[in-house]
Amino acid sequence: MKTSCTLCILFTTVLLHLSLIPAPSAALLDPTTVSSVDIVLDDSDYIRSSCKTTLYPDTCYHSLNHYATAVQQDPGRLARVAIGVSLAKAKRMSAFVSNLSREADYGVQPRAVAALHDCFSVFGDAVDQIRDSLSQMRTLGGSSESLRFQMSNVQTWMSAALSNEDTCTDGFEDVSDDEPLKLDVCNRAGKVKEVTSNALAFINSFANKI
């Protein structure tokens, strides 16, 4: 009898405690409530929609989506990140061409060797121009007139970088298409040109908003 009463008291106590626990809020129960995951998806959608305005939307999205959270749907940050991606790829291309030019002096068409050396030179210039653009983007400030002048510098440098990258592939026009070196260099340079072109598109878009 004593045990039975004890169980009754314990059961009553548990029920009392359960009744004091507040019910989950509607926000916690609603699967459509915004969460950190939703924010990431929104940022990713911003990258995707922005990339649709470029000449190479697929390359754009795949190269920039990793930085969606850092961009935070800000056009200035998007332009800066795109320049950073362009710089990283241009530097890798410059290093690749440098190594290749030291190994390709023998057994390769003379025109291909000459084009390769020219490519190394112009990609070196492109790296400097993209680096200057990124440096300028990191220090933007001042009056509207000053900002427009700074953005004009960035537009000029990035346009020149893209022209230099074009010059690299143009140099291989007189090289036969069956030359493996031509195919390799032009394919790699083409990918760099795509990200540089996309970066320039975002730069121009941002400049128009100032």
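**Figure 1. Lining of the largest pocket.** In this predicted model, the largest pocket is lined by K89, R92, M93, F96, R188, K191 and V192. The volume of this largest pocket comes to about 150 Å³. Two helices, α6 (75-103) and α9 (180-209), each supply at least two residues of the lining of the largest pocket, and α6 gives the most, with four residues. Sorted by class, the lining of the largest pocket comprises four charged and three nonpolar residues, with no polar residue present.

**Figure 2. Packing of α6 against α9.** The two helices that each contribute at least two residues to the lining of the largest pocket, α6 and α9, pack at an angle of about 160°, and their axes lie 9 Å apart. With angles over 145 degrees counted as roughly antiparallel, α6 is therefore roughly antiparallel to α9. The crossing in which α6 passes α9 is left-handed. By class, the residues in the contact of α6 with α9 are 19 nonpolar, three polar and four charged.

Figure 3. How many cavities of 30 Å³ or more does the count give? The count comes to one cavity of 30 Å³ or more, and the largest cavity holds about 30 Å³ of space. The residues lining the largest cavity are C60, S63, L64, A82, V85, V195 and N198. Two or more of the lining residues come from each of the elements α4 (57-64), α6 and α9, and α4 gives the most to this lining, with three residues. In the lining of the largest cavity there are five nonpolar and two polar residues and no charged ones, whereas the lining of the largest pocket has four charged residues and no polar ones.

**Figure 4. Packing of α8 against α9.** Helix α8 (residues 144-170) packs with α9 at an angle of about 160°, the axes of the two helices being 9 Å apart. The helices α8 and α9 are therefore roughly antiparallel to each other, and α8 passes α9 in a left-handed crossing. The residues of the contact of α8 with α9 fall into 14 nonpolar, six polar and three charged.

Figure 5. Side chains of opposite charge can pair when their charged atoms come close. The structure holds four salt bridges, and the one shown in this view joins the side chains of R131 and D128, with an N to O distance of 3.2 Å. Where do R131 and D128 lie in relation to each other along helix α7 (residues 110-138)? Because R131 and D128 are three residues apart in helix α7, about one helical turn separates the two residues.

Terms used: Residues are numbered from 1 along each chain as its sequence is written. This is a predicted model: local features need pLDDT of at least 70, side-chain atom pairs count only at pLDDT 80 or more; totals for chains, interfaces and linings use all residues. Side-chain values use heavy atoms; hydrogens and water are left out. On a 1 Å grid over the protein atoms alone, a cavity is a set of points where a 1.4 Å probe fits but cannot get out, and a pocket is an open set with protein on both sides within 12 Å along at least five of seven lines; lining residues have an atom within 4 Å of a point. Grid points are joined across faces, edges and corners, and a volume is the space filled by probe spheres set on the points. Ala, Val, Leu, Ile, Met, Phe, Trp, Tyr, Cys and Pro count as nonpolar, Asp, Glu, Lys and Arg as charged, and the others, Gly among them, as polar. Axes are lines fitted to C-alpha atoms, for helices over the stretch in contact, and angles run from 0 to 180 degrees between N-to-C directions. Angles under 35 degrees count as roughly parallel, over 145 as roughly antiparallel, 65 to 115 as roughly perpendicular and the rest as oblique. A crossing is left-handed if the near helix is turned anticlockwise from the far one by less than a right angle, and right-handed if clockwise.
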